[in-house]
Amino acid sequence: PVTTNPSHIRNKLKRSEMYGRYLEEKRKRKRELRLKRAKEAEALGEEGARVPKQQPRTLESAREAEPTRVRPEDEEVAADEAEDEFAPYFADEIRPKIMITTRPCPSAELFH
């Protein structure tokens, strides 16, 4: 039985030989896929314009749609945000009376 994990082989020369074979097979498979995609693109020709690109598997694309997730256009959420006690601050109707600074000794010049 051929395995792709050569770590169980204790002999260093055999282990590196097995890993080298694995990498070679991997390169061959990638090359075959690349050539296959190139042939498909050639078969589509000029009228096909572009070959559809492969979609990378990201966290966002792999995420399943959750039914309990709140939609941004939800009327109830918009009403809650409008009635929120901090809504005037976010709408710039009221200036907040707090200043966050990283200076150890803030001077009076900062407050103006």
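**Entry 1**

I began with Tyr89, which is partly exposed at a relative accessible area of 36%. The model I am reading is predicted. I next looked up Phe86, and its relative accessible area of 44% makes this residue partly exposed too. Phe86 sits in the loop between helix H3 (75-83) and H4.

**Entry 1: the nonpolar patch**

I asked which residues form a nonpolar patch on the surface. I found Phe86, Tyr89, Phe90 and Ile94 there, and together they have about 440 Å² of accessible area. A residue needs over 30% relative accessible area to be taken into a patch, and Phe86 has 44%. Tyr89 has 36%.

**Entry 2: Asp92**

Phi of Asp92 is near 60°, which is a positive value in a residue other than glycine. I noted this because most residues other than glycine have a negative phi. Is Asp92 buried or exposed? I read 70% relative accessibility for Asp92, so this residue counts as exposed.

**Entry 3: the chain as a whole**

I stepped back to the overall fold. I counted four helices and zero strands in the chain. Along the sequence the pattern reads α-α-α-α. I looked up what share of the 112 residues is buried, and the value is 3%. The chain exposes about 11900 Å², and I noted that carbon and sulfur atoms supply 53% of this area.

**Entry 4: aromatic pairs**

How many aromatic pairs does the structure hold? I found two. One of them joins Tyr19 and Tyr22, with 6.0 Å centre to centre and 35° between the planes, and I logged this pair as tilted. Tyr19 and Tyr22 are three residues apart in helix H1 (residues 12-44), so about one helical turn separates them. I read a relative accessible area of 42% for Tyr19, which is partly exposed. Tyr22 is partly exposed as well, with 25%.

The pair of Phe86 and Tyr89 is also tilted, at 6.2 Å centre to centre and 45° between the planes. I had already met both residues in the nonpolar patch.

I turned to charged side chains, since side chains of opposite charge can pair when their charged atoms come close. The count comes to three salt bridges.

I looked up Glu17 and Arg21, whose side chains meet in a salt bridge of 2.4 Å, N to O. Both lie in helix H1, four residues apart, about one turn of the helix. Glu17 is partly exposed, with a relative accessible area of 38%. Arg21 is partly exposed at 43%.

Lys28 and Glu24 meet in a salt bridge too, and I read 3.9 Å, N to O, for their side chains. The cut-off for a salt bridge is 4 Å, and the value for Lys28 and Glu24 is 3.9 Å, so I kept this pair on the list. These two residues are four apart in helix H1, which means a separation of about one helical turn. For Glu24 I noted a relative accessible area of 42%, so this residue is partly exposed.

**Entry 5: Glu60 and Arg63**

I ended with Arg63, which forms a salt bridge with Glu60. The closest N and O atoms of this pair are 2.8 Å apart. I checked where Glu60 falls on the accessibility scale: at 51% relative accessibility, Glu60 counts as exposed. A residue is exposed at over 50%, so the 51% of Glu60 is enough for that label.

Terms used. Residues numbered from 1 in each chain as written. Predicted model: local features only at pLDDT ≥ 70, side-chain atom pairs only at ≥ 80, totals over all residues. Heavy atoms only, no water. Buried < 20%, exposed > 50% of the residue type's maximum accessible area, 1.4 Å probe, protein only. Areas by Shrake-Rupley, 256 points an atom, 1.4 Å probe, with all protein chains shown as cover. Patch = residues over 30% accessible without salt bridge, like charges linked within 9 Å, V, L, I, M, F, W, Y side chains within 5 Å. Phe/Tyr/Trp six-rings, centres within 6.5 Å; stacked < 30°, edge-to-face > 60°.
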